[in-house]
Amino acid sequence: MNSTSRRFVLRDGTWTIHQQLDAAIGPLTSLAAYKRYLVSILALRGGVESCFQHISWPDFFEGWHPTTLLPVLNQDARDMAISPDVFSSVALPATISALMGMVYVVEGASLGAQILVKQASLLGLGEEFGARHLFVQSGSLDNWKVFLSLLDKTPAFDKEQAVDSARNLFCSALDAVKKVDAQQGLLHG
């Protein structure tokens, strides 16, 4: 199985939950929608990056790591007068295949950032204010390509473990959006 087929196994195995997440986030057509997205992604990404700090990265990664966004996300939150909520709890992956599923979601977000950065720009947000993380993410396509080559090198790749892990992270992202919506409902209800 090569990286192309592994990539598409992960894409196909997460398609439904990925579409649910995209629909839940919706287009960023207002500052309120953007702030909702930002609070959600900050909660999720904080949990993921905290988890990643405790991982012994595989030797075949040769020093490569996923793109770090938390520092710029925190700057964006300050710009938008948002206080970060509690980070989502993200469990350490039990296997290399599970790790690859998580990293697939994290690095694959650079593709979606290509769209979101344009939407944020229409709201007056950019690389210097409010949307730094989207500029970092959308500029990390080379990191995505490196990840795909690492996916190809993954020894003893278990596609079910990888897909389950990726699905779980998408579910955590969807839960973060739902939590923000519930909190906003309490504040405005």
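**Exercise 1. State how Asp-164 and Arg-167 are paired, and where the pair lies.**

*Solution.* Step 1: the side chains of Asp-164 and Arg-167 form a salt bridge, with an N to O distance of 3.3 Å. The term denotes a side-chain nitrogen of Lys or Arg within 4 Å of a carboxyl oxygen of Asp or Glu.

Step 1: both residues belong to helix α7 (residues 159-188), and because they are 3 residues apart, about one helical turn separates them. Helices here are DSSP runs (H or I, at least four residues), and strands are runs of E with at least two, numbered from the N terminus.

Step 2: Asp-164 has 39% relative accessibility and therefore counts as partly exposed; Arg-167, at 34%, is also partly exposed. Buried means under 20% relative accessible area, exposed means over 50%, and partly exposed lies in between (1.4 Å probe, protein chains only).

The model is predicted: local features need pLDDT of at least 70 and side-chain atom pairs count only at pLDDT 80 or more, whereas totals for chains, interfaces and linings use all residues. Residues are numbered from 1 along each chain as its sequence is written, and side-chain values use heavy atoms, with hydrogens and water left out.

**Exercise 2. Give the count of salt bridges, and describe the pairs Arg-11 with Asp-12 and Arg-45 with Glu-49.**

*Solution.* Step 1: the count comes to 6 salt bridges. As a general principle, side chains of opposite charge can pair when their charged atoms come close.

Step 1: in the bridge between Arg-11 and Asp-12, the closest N and O atoms are 3.0 Å apart. Arg-11 is partly exposed at 35% relative accessibility, and Asp-12 is partly exposed at 49%.

Step 2: Arg-45 and Glu-49 are joined by a salt bridge of 2.8 Å, N to O. Both residues lie in helix α2 (residues 31-52), 4 residues apart, about one turn of the helix. Arg-45 and Glu-49 are both buried.

Step 3: a network of salt bridges links Asp-76, Asp-79 and Arg-132.

**Exercise 3. Characterise the packing of α2 against α3 and against α4.**

*Solution.* Step 1: α2 and helix α3 (residues 70-79) pack at an angle of about 150°, with their axes 10 Å apart. This makes α2 roughly antiparallel to α3. Axes are lines fitted to C-alpha atoms, for helices over the stretch in contact, and angles run from 0 to 180 degrees between N-to-C directions. Angles under 35 degrees count as roughly parallel, over 145 as roughly antiparallel, 65 to 115 as roughly perpendicular and the rest as oblique.

Step 1: α2 and α3 cross in a left-handed sense, that is, the near helix is turned anticlockwise from the far one by less than a right angle. The contact includes Tyr-34, Leu-38 and Arg-45 of α2, and Leu-70, Leu-73 and Asp-76 of α3. By class, this contact of α2 with α3 has 8 nonpolar, 2 polar and 3 charged residues. Ala, Val, Leu, Ile, Met, Phe, Trp, Tyr, Cys and Pro count as nonpolar, Asp, Glu, Lys and Arg as charged, and the others, Gly among them, as polar.

Step 2: for α2 and α4 the angle is about 155° and the axes are 13 Å apart. These two helices are therefore roughly antiparallel to each other, and their crossing is left-handed. Tyr-34, Tyr-37, Arg-45, Val-48, Cys-51 and Phe-52 in α2 meet Leu-99, Met-102, Val-103, Val-106, Leu-116 and Ala-120 in α4. The contact of α2 with α4 comprises 11 nonpolar, no polar and 1 charged residue.

Conventions. Contact = heavy atoms within 4.5 Å.
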